[in-house]
Amino acid sequence: MSDERTGDQAVATYLSQLERAGAGLPPDRRFELVQQIREHLEAVSSAPGATEAGVLTAIDRLGDPTDIVAAEEHAASAGTTEPPATPGAWGPLEVVAVALLTVGSFLLPVVGPTAGLVCAWFSRRWTQGEKTVATVLVAPTFLLFGLVLAWPFLRL
Amino acid sequence: MALPALELLLLVLPVMSVAAGIYLAVALSRRRSSPTPRPRA
């Protein structure tokens with residue numbers, strides 16, 4: 001229990017140091033950076049069998065917050081930030097796309113998956129390859145669907 | 001012939017669609033759980 005509290009305190013301290021160090025970054029980038037590190041540390045601390053030592057090691061591996069911010073600023077100035085296709089966080093469009101492809105395919109047959117694929121293609125968070133794989137998974141069924149619907153007319 | 005095929009496709013379509021949705025969700029989650037390596041000083 002006290003281990004957990006000490007680990008949580010260390011995470012909170014580290015994140016506040018990171019926020020202060022990142023004061024010079026654009027607000028959205030700073031938020032994204034802190035969020036990314038927070039998720040990483042939460043994953044470490046909530047893992048089965050996680051210990052305070054493990055959390056502290058994870059923090060140590062991340063390094064000094066000022067170094068993280070410096071690396072971020074360097075990457076931004078060198079134009080080597082992550083490409084827009086892979087920011088790696090869920091946005092509303094991604095949630096809607098996955099919901100339409102999964103739940104939507106039962107609630108709105110044909111329309112749901114179609115809208116889901118359209119949303120996925122509009123999203124910049126999936127790569128072209130991932131969108132293509134998703135489309136290839138669904139598209140053949142659509143084609144067969146159209147063929148079956150057209151079958152009576154084709155036989156005339 | 002067309003009707004059983006249509007019913008079959010109505011079963012297959014959600015399965016393939018769910019597979020696509022899960023694939024996209026996993027792809028996004030994997031990126032999210034592996035933060036960009038941060039260089040140490």
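Helices (H or I, at least four residues) and strands (E, at least two) are taken here as DSSP runs, numbered from the N terminus. The structure is a predicted model, in which local features need pLDDT of at least 70 and side-chain atom pairs count only at pLDDT 80 or more, whereas totals for chains, interfaces and linings use all residues. Residues are numbered from 1 along each chain as its sequence is written, and chains are lettered from A and ligands numbered from 1 in the order in which they are written.

Confidence was examined through pLDDT, the predictor's confidence in each residue, from 0 to 100. Chain A has a mean pLDDT of 83, with 88% of its residues at 70 or more. Where pLDDT is low, the predicted coordinates should not be read in detail.

Chain B contains 1 helix and 0 strands. Of its 41 residues, 27% are buried, a residue being buried if 20 or more other C-beta atoms lie within 10 Å of its own, exposed if 12 or fewer, and partly exposed in between, with C-beta atoms placed from the backbone. The contact between the chains takes 41 residues from chain A and 28 residues from chain B. On the side of chain A that touches chain B, two or more residues come from each of helix H2 (27-45), helix H4 (65-77), H5, helix H6 (104-107), helix H7 (111-122) and H8 of chain A. The largest share of that side, 11 residues, is provided by H8(A). By residue class, the side of chain A that touches chain B divides into 25 nonpolar, 9 polar and 7 charged residues; Ala, Val, Leu, Ile, Met, Phe, Trp, Tyr, Cys and Pro count as nonpolar, Asp, Glu, Lys and Arg as charged, and the others, Gly among them, as polar.

A nonpolar core is a set of buried Ala, Val, Leu, Ile, Met, Phe, Trp, Tyr and Cys residues joined through C-beta atoms within 7 Å. The largest such core has 19 residues, of which Ala97(A), Leu101(A), Ala120(A), Ala134(A), Val138(A), Ala20(B) and Leu24(B) touch the most other members. At least two residues of this core are supplied by each of H5, H7 and H8 of chain A and helix H1 (2-33) of chain B, and H1(B) gives the most, with 8 residues. Beyond its neighbours within four places in sequence, Ala97(A) is in contact with Gly116(A), Cys119(A), Ala120(A), Ser123(A) and Leu24(B).

In H7(A), the buried residues are Gly112(A), Pro113(A), Gly116(A), Leu117(A), Cys119(A) and Ala120(A). Seen down the axis of H7(A), these fall within an arc of 160°, so they line one face of the helix; the arc is that of the directions from the helix axis to the C-beta atoms. The face of H7(A) turned away from its buried side carries the exposed residues Val111(A), Val118(A) and Phe122(A).

Val110(A) is found in the loop between H6 and H7 of chain A. Its phi is near 70°, a positive value in a residue other than glycine. Most residues other than glycine have a negative phi. Val110(A) counts as partly exposed because it has 16 C-beta neighbours inside 10 Å.

How values were computed
Contact = placed C-beta atoms within 7 Å.
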